[in-house]
Protein chains: 2
Amino acid sequence: MSRVRVQNFSISLDGFGTGEGQSRDAHFGHAGDRLHEWMFATRSWDQGGSSGVDDLFVQQFESGIGAEIMGAGKFGHPGWHEDPDWKGAWGPNPPFHTPVFVLTHHTRPSIEMEGGTTFHFLDASPAEALKTAREAAGDRDIRLGGGATMIREFVVAGLVDHMHVVVVPILLGRGVRLWDGLEGIEKDYRVEATSSSSGVTHVTFTRNGA
Amino acid sequence: MSRVRVQNFSISLDGFGTGEGQSRDAHFGHAGDRLHEWMFATRSWDQGGSSGVDDLFVQQFESGIGAEIMGAGKFGHPGWHEDPDWKGAWGPNPPFHTPVFVLTHHTRPSIEMEGGTTFHFLDASPAEALKTAREAAGDRDIRLGGGATMIREFVVAGLVDHMHVVVVPILLGRGVRLWDGLEGIEKDYRVEATSSSSGVTHVTFTRNGA
């Protein structure tokens, strides 16, 4: 059975997956690029980058993935659904290269992009969305793309097999927290932490028996 | 000049330094012993324990320390000040072996314990308390004993030179958070993370120039 995975989801030391004040020009609000600089410094992102443990984790982003599910807040800034031409912030060839299911109460027709990415829009529960994504992914895995709110909903629903969270040593102070309402989930997972010389710590949750 | 240090302050992955429901029988509320099991497994705590990186950090608890400052919530459960015989939860020979300054609005006469620990009670600001503790410590360092609320107050006041925080891979969900209101403090510190095979991650903050 294919697995449901979170990969490279970056949070601050105080647990925020995005800052405050998200807008068209500031996808992560006041966090700016700071949650993802560790990723930009890897060889997977940039040929001159580092090929250490950070890079090994980044490689898992695409490996074996057949579909992504993302929250409405990842697809666009607040209010994107009022812009009929909005196609996400990733340009004509988004870095997904699979079907991507966007969870939103404002559905619209699917959008086919270059490079294999097609955005589909679903107004559905986590379990329903996962069923649809599994049909698209075949025997490959499903990536949960975030943001924090949708990841929490899938974890609470017991649908997540593997979760890779990257703790970045900054304190954002405000934004959207990943961990709220997840008391005790460690009982269902093997949790491992691996710190990198870049300063980040990779925390992996592997579901017991998965 | 002596340094002001936080040592071995343990928090959950979601940032709580103590659980909810603190009482005389549950010093850390619903967290129980879970934030400190990593410490009990070290050789410094128990001769049969491990002598790896966790143990090296535990050794720093006493090394070079001349006084501790602790918050009222560490000295006792809510309401301890109504018990004239309360002397802390550590038995006749507490593990401090120096003067300990308890920050409280309910001061009482000093209590001399066995082994070199004397509890003094101060109704004072962080800066005032530190001045008093420095006089007691001579050229040795001051340890800030916690809880989370008092550590935050000292960090905000710019009084902390070194902070060792241990992130334990559990999700408490509720309690007292360490990181609230500390946005951007990483600018004043070198932050390093070291994960241990025990599962915890040691995060150290070293003040720039200290």
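Predicted model: local features only at pLDDT ≥ 70, side-chain atom pairs only at ≥ 80, totals over all residues.

Me: Which domain does UniProt give for chain A, and what residues does it cover?
Reply: The unreviewed UniProt entry annotates residues 8–196 of chain A as "Bacterial bifunctional deaminase-reductase C-terminal". Over that stretch the chain is 19% helix and 25% strand, with the end C-alpha atoms 14 Å apart.

Me: What's the strand order of the sheet in chain A?
Reply: It's an open sheet of nine strands, running S5-S6-S4-S3-S7-S1-S8-S11-S10, with mixed pairing. Strand S5 (111–112) and strand S10 (189–195) of chain A sit at the edges, each pairing on one side only.

Me: How do S1 and S7 of chain A pair, parallel or antiparallel?
Reply: Parallel, over two bridges, with S1 covering residues 4–12 and S7 covering residues 141–144 of chain A. Arg5(A) stands opposite Arg143(A) in S7(A).

Me: And which strands does helix H4 of chain A touch?
Reply: Helix H4 (residues 126–137) of chain A packs on the sheet against S1, S3, S4, S6 and S7 of chain A, and its direction makes about 155° with that of S3(A). Helix H5 (residues 148–156) of chain A lies across S1, S3, S4, S7 and S8 of chain A, at about 110° to S3(A).

Me: Switching to chain B: what order do its strands take?
Reply: S5-S6-S4-S3-S7-S1-S8-S11-S10, in an open sheet of nine strands with mixed pairing. Within that sheet, S3 (residues 65–71) and S4 (residues 99–103) of chain B pair in the parallel sense over four bridges. Gly71(B) has Leu103(B) as its bridge partner in S4(B).

Me: OK, the interface. How many residues of each chain are in contact?
Reply: 26 residues of chain B contact 26 residues of chain A. The two chains bury about 2000 Å² between them, 55% of it on carbon and sulfur atoms.

Me: Which residues of chain B lose the most area to chain A?
Reply: Leu13(B), Leu171(B) and Glu183(B), which together make up 31% of what that side buries.

Me: What about the largest nonpolar core, which residues touch the most other members?
Reply: The core has 69 residues, and those touching the most other members include Ile69(A), Trp179(A), Ile69(B) and Trp179(B).

Me: What does Trp179(B) touch?
Reply: Leaving out residues up to four places away in sequence, Trp179(B) touches Leu13(A), Asp14(A) and Leu171(A) in chain A. In chain B, its contacts include Ile11(B), Arg152(B), Met163(B) and Phe205(B).

Notes
Residues numbered from 1 in each chain as written. Chains lettered and ligands numbered in written order. Heavy atoms only, no water. UniProt positions renumbered as here; feature names shortened; annotations may be inferred. Pairing = 2+ DSSP bridges. Core = buried A, V, L, I, M, F, W, Y, C linked by side-chain atoms within 4.5 Å. Buried < 20%, exposed > 50% of the residue type's maximum accessible area, 1.4 Å probe, protein only. Contact = heavy atoms within 4.5 Å. Buried area = accessible area lost by both parts, 1.4 Å probe. Axes fitted to C-alpha atoms, helices over the stretch in contact; angles between N-to-C directions.
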